[in-house]
Every structure is written in C-alpha cells, then in structure tokens.
Amino acid sequence: KNLTLLDLSRNRFSGGFTKSFQEMSSVEELVLSNNPVGGDIMSLNWQNLKCLLVLDMSNMSLTGGIPDSIAELKRLRFLGLNDNNLAGDIPPRIGALPNISAIYLNGNYLTGELKFSELFYGKMGRRFGAWNNTNLCYPIELKSTGHAPYGVKPCQQEATTLHENISDLDEKSNLGKGDLNHDSHPTVSLAFPSFASNGLCLCYIFLCELFMIALDFSLTRFAW
C-alpha cells in the first residue's frame, strides 16, 4: 500500500488489466507503456488512484473508450494514451484537470469534436497530442486564435468541402443538361436544310440527265 512508483514498461505483458490495479491507492507514477496488454480500460475505477501523478499507457493495444473517471484524478500531471486502438469521444472533463501539463492521445481512432477551452489549448500547446485521429476535429472558430491543436482538422472544413463538392456536381449536371439541349436543337434544324439541299441537288442532276438524253435524241433525228 506504500507503493509510489510502478514501471512495467517494455515487457510482454498481455491478457488485459486485472482489478488489482485500481487498489493501488498510493501509487503516484504508473508506467505500463509498450506492452501488448490489450483489453478495455473503461471497467476500472480510475478514481481510486487518487495520488496518481503520471499515467502512461501508450502503445498497449488498448480498446474501447477513454474513461471519464480519469477526470477524477485531480493530481494528474501526465496522461499518455497514445498509439492504441481507442475510439469514441474524448471526455471534455480531462481538459479541466487542475495540474495537467501533458496529454497525449495521438494515434488512435478517436472521433467527434474536441470540446476543450481556448485557454486549455493555449496552455498545452504541442503537449496536447491528438494528431493521427482521422475523424477528430476542433471547432472552426479556434483557427483564428492561433491555438488550434496540432495535426487536427477544423470540424467545418469537412462539411464545407462536402457542400462545395455537391454544388460542383449540381453545376456540372446543369451544364451537361444545357449542352445536351443546345446540341439537340441544331442537330434537328440542320438536318432539314441538309435534306432539302440534297434533294434539290438530286432533282437538278436528274433534270440535267433528261435534258442530255433529249438533246442526244434530237441530234440523232437531225442526223438522219
């Protein structure tokens, strides 16, 4: 019960977490990174680790979401959950931890809109890592403040791009219809004059041949 530091990093532990972790109420630094432990961390009562200053569970093949109970660790200074398979939204409450100085959540499958304050982003800077979460975004208004989280896209960008793509498709569709209508009328109108012109030419040739036959016949009779 007097344990303050537990560093089991860079081993080959696997099989998920045991309930015994949540009973280490005196531990201040819990470093478990780079172990293929796997499993879901949502079921553990993290609030029991009330003395925790450092929690490093990076690169552990963790699944599920980020427990909201981590926000109860008021003394926590470092949180490392990067390079796992975590999904879902990020609990906004972890941004309000009074002593937090670094949070790394990059390299997961986290989604939704980041809901931390502008003050949080200004305080953390690059020590808030959320890049390499494809479906994660931040509010568009943060872009003008200079405090946008590194490597994360603005939320409205995707919606705007989608709207622009739809508008482009509509415009091209209308242009296509216009071209089709424009081409169809001249084709019909040009076909009639072409037909009439060809018909007149045939009549003219036919009359000329009749005239030549008649002329030959006349000359033959005159010769006799």
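**Close-up views of a predicted model**

Among contacts in the chain (heavy atoms within 4.5 Å) between residues at least 6 apart in sequence, 50% join residues at least 24 apart. This is a predicted model: local features need pLDDT of at least 70, side-chain atom pairs count only at pLDDT 80 or more, and totals for chains, interfaces and linings use all residues. Residues are numbered from 1 along each chain as its sequence is written, and side-chain values use heavy atoms, with hydrogens and water left out.

View 1. Helices (H or I, at least four residues) and strands (E, at least two) are DSSP runs, numbered from the N terminus. From that end, the order is β-β-β-β-β-β-β-β-α-β-β-β-α. The chain has 224 residues, and 32% of them count as buried. Buried means under 20% relative accessible area, exposed over 50%, and partly exposed in between (1.4 Å probe, protein chains only). The accessible surface comes to about 14200 Å², by the Shrake-Rupley method with a 1.4 Å probe. Carbon and sulfur atoms supply 58% of that surface.

**View 2. Six strands form an open sheet with parallel pairing.** Two strands pair if DSSP finds at least two bridges between them. The strand order is β1-β2-β3-β4-β6-β9. β1 (5–7) and β9 (128–129) stand at the edges. Each has a single partner strand, so one side of each is left without a neighbour in the sheet.

**View 3. Strands β4 and β6 run parallel.** Three bridges join β4 (residues 78–80) to β6 (residues 102–104). Gly80 has Tyr104 in β6 as its bridge partner.

**View 4. Ile70 is found in the loop between β3 (54–56) and β4.** Its relative accessibility is 0%, so Ile70 counts as buried. Leaving aside neighbours within four places in sequence, Ile70 is in contact with Trp46, Leu55, Leu76, Leu79, Leu81 and Leu97. Asn48 is 22 residues from Ile70 in sequence. In space, the two are 9.6 Å apart, C-alpha to C-alpha.

**View 5. One disulfide is present in the structure.** The term covers a pair of cysteine sulfur atoms within 2.5 Å. Here Cys137 is joined to Cys155, with an S to S distance of 2.1 Å. Cys137 lies in strand β10 (residues 136–138) and Cys155 in helix α2 (residues 155–223), so the pair ties together parts that are 18 residues apart in sequence. The torsion about the S-S bond of Cys137 and Cys155 is about 90 degrees, so the disulfide is right-handed. Both Cys137 and Cys155 are buried.
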